[in-house]
Amino acid sequence: MTSAVSVKDLTKTYGDQVAVSHATFEVPHGSICGFVGPNGSGKTTTIRMLLGLISPTGGTGTVLGSPISEPENYLPRVGALIEGPAFYPALSGRENLNVLATLGNFPKNRVDQLLETVGLGNRANSKFKTYSLGMKQRLGIAAALLPDPQLLILDEPTNGLDPSGIHEVRTLLGDLALSGTTVFVSSHLLSEIEMICDSLVMLREGKVIFSGATQELLAAQQPLIIARPENSRDLEALGQVVETLQKTFKVVDGALEIKAPTQWAATLNRAAFESGITLAELQTQLPTLEETFFDMTEGGS
Amino acid sequence: MIAVLRAELRKLRRPTLSLPTLLAASGLTALSTALLYLLIDSPNGNGREGMQVTAKRLSAPDGLVFGFQSAATLLGVIALCVFAAQTAQEYTYGTLRNILVRQPSRMKVLGGKYFAMSLFALLMVAVSALVSFGLAFALAGGAKVSTSLWTSPDGRQATLNALVNVTVATIGFGTCGMILGLLLRSPISSIAIGVIWILIVENLLTAVVNGIDKYLPGQLLTAVSTGGSISFNGAEVISYKYALAGSGLYVISGAILVSVLFKRRDVAN
């Protein structure tokens, strides 16, 4: 199956400054793909190149099977929310959507339907400038959904939303993916990304440092084994056992944290027992996406 | 392009923009027309730049359009502000990216916006003309101005010519506003620079440098609106054809320049 988005060596430079450098990644059809990276890593520039707003300096790419140099071929099937919601302050929410529906030749009844979907039905006639940040964000999501898109590109869709709003967006994206829509979403809420995204593209300083399945990324990380002796006086002895097994550890809250493969927990358990130490707690923890993100974006990949 | 035009008309028809603009335009035209008739015997003059427009002159077939044509530059300045604001606001609000995602052809976006704003300018000119002509008929009797020739074939032709010329000039001023909006990408800067140039800089230059008005876009467009400009003694200063060609050259070269810029420039805000 072809990818909804596929880019190869995509590059954007401004003079000497490199915004995106040789980015190569794919977004599988029908997936929810997270797009993460620190501020200034090139996420928005990449999204703008995919939407035909910025011309790449180099590289190639396709969106829904058409080259990114011909955005008119795929944009009618793409919905997008880029860098926060941008609308006319003096127009109502409904009128703002009507302007976009007129531009894209979308049916007018879709406007009211989407205003209800995002929970703005009762404020549809209020001017955009009177909306709260969360309401503006909801209107932005409604605008992105106007074309009933095959590909939805969302840049920080949960900005300004309260927890219930975030939950609603998560449910909405899940439903869209189930109906076959590909979702490419950037967010700083890595716990949300981890929860909803089945694939991931990670950027650092304009370069792609990971592209693939989320689980593949997390599984490749070394798990953390937490061992807590029943008797706190045995903590030092347990540390010596770990060192004997040629592993390093950290003491955190009366327990040892050791980076090691999951199956190594049994080795430690056996060695502790043979040294007369009873373990009250022995568990393995996979690192979260947030921990992995910091490992990869702050340190080496 | 039709979709862009319709979308732009949706924005232009909002009451907070359309009503004040139409009121300002018709108000200024009404003022210029009323002063022409109410000050007809004033020694300080009753026309533009203190010109004396007599009852005999106003009774000529083209007398009806005098007041309307006198306000043409102000109509042009209003059009410049509307075109500049409507264009530059897409950058300041960040809405240009939404437009270009829904209509990736930048030339269609530019063309659709331009034609929508031109239609708005046409409406503004039409409403102002109606107000001015109505007022002229109402005040003519009190100023001892005969209206019989205004509705003659020559009078109707003169009125039609004036309508066309003022519309062309107003859209020309508006195009200058759109050019500034696209260049500067800020409504305040483009309106300020446009208005200061047209109303202050060009008038100062015209006053101190003899014959420079033939090279200034605002003066040329004003000459288009009046079918050519004449001096106090009735001598032709700028012919209609020259004004049309000169202002056209300015407007078309500016439009080509900003179209190329708009097509090539990254949308990064």
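## Domains and overall form of chain A

The centres of domain 1 and domain 2 of chain A, taken over C-alpha atoms, are separated by 45 Å. Domain 1 covers residues 3–217 and domain 2 covers residues 224–285; such bounds come from an automatic or database domain assignment. This is a predicted model, in which local features need pLDDT of at least 70, side-chain atom pairs count only at pLDDT 80 or more, and totals for chains, interfaces and linings use all residues. Residues are numbered from 1 along each chain as its sequence is written, while chains are lettered from A and ligands numbered from 1 in the order in which they are written.

Chain A has 10 helices and 14 strands. Here helices (H or I, at least four residues) and strands (E, at least two) are DSSP runs, numbered from the N terminus. Along the principal axes, the C-alpha atoms of chain A fill a box of roughly 75 × 45 × 35 Å. Of the 301 residues in chain A, 42% count as buried. A residue is buried if 20 or more other C-beta atoms lie within 10 Å of its own, exposed if 12 or fewer, and partly exposed in between, with C-beta atoms placed from the backbone. Among contacts in chain A between residues at least 6 apart in sequence, 69% join residues at least 24 apart; two residues are in contact if their C-beta atoms, placed from the backbone, lie within 7 Å.

## Confidence

The model scores ipTM 0.84 and pTM 0.83. For chain B the average pLDDT is 90, and 97% of the residues score at least 70. The pLDDT is the predictor's confidence in each residue, from 0 to 100.

Strand E1 (residues 3–14) of chain A pairs with strand E4 (residues 58–63) of chain A in the antiparallel sense, over 5 bridges. Two strands pair if DSSP finds at least two bridges between them. A:Val5 has A:Val63 of E4(A) as its bridge partner.

E4(A) is also joined to strand E5 (residues 66–67) of chain A, by 2 bridges, and the two run antiparallel. A:Val63 has A:Ser66 as its bridge partner in E5(A). The hairpin of E4(A) and E5(A) has 2 residues between the strands, and A:Leu64 takes a positive phi near 50 degrees there.

A:Ala19 is in strand E2 (residues 17–28) of chain A. A:Ala19 is buried because 21 other C-beta atoms lie within 10 Å. Leaving aside neighbours within four places in sequence, A:Ala19 is in contact with A:Lys12, A:Thr13, A:Tyr14, A:Gly42, A:Thr45 and A:Gly206. From A:Ala19 to A:Ile141 there are 122 residues in sequence and 26 Å in space, C-alpha to C-alpha.

Strand E2 of chain A also holds A:His22. Most residues other than glycine have a negative phi. A:His22 has a positive phi of about 50 degrees although it is not a glycine, and is partly exposed, with 15 other C-beta atoms within 10 Å. A:Glu83, not a glycine either, has a positive phi of about 45 degrees. The loop between strand E6 (78–81) and helix H2 (93–104) of chain A contains A:Glu83, which counts as partly exposed, with 18 C-beta neighbours inside 10 Å.

## Nonpolar cores

The largest nonpolar core has 140 residues, and those with the most contacts inside it are A:Ala142, A:Ile153, B:Leu75 and B:Ala79. A nonpolar core is a set of buried Ala, Val, Leu, Ile, Met, Phe, Trp, Tyr and Cys residues joined through C-beta atoms within 7 Å. Helix H7 (residues 106–140) of chain B gives the most to this core, with 14 residues.

Not counting residues up to four places away in sequence, A:Ile153 touches A:Ile47, A:Leu50, A:Leu51, A:Val78, A:Ala80 and A:Phe184. Another core, of 9 residues, lies apart from the largest one, and among its members are A:Val241, A:Ala255, A:Leu256 and A:Ala272.

## Chain B and its side towards chain A

In chain B, 23 residues are in contact with 25 residues of chain A. Helix H1 (2–12) and helix H6 (96–102) of chain B are the elements that give two or more residues to the side of chain B that touches chain A. By class, this side has 10 nonpolar, 6 polar and 7 charged residues. Ala, Val, Leu, Ile, Met, Phe, Trp, Tyr, Cys and Pro count as nonpolar, Asp, Glu, Lys and Arg as charged, and the others, Gly among them, as polar.

Helix H10 (residues 217–225) of chain B is largely enclosed by the rest of the structure, because 9 of its 9 residues are buried. Just after H10(B), B:Gly227 takes a positive phi of about 70 degrees.
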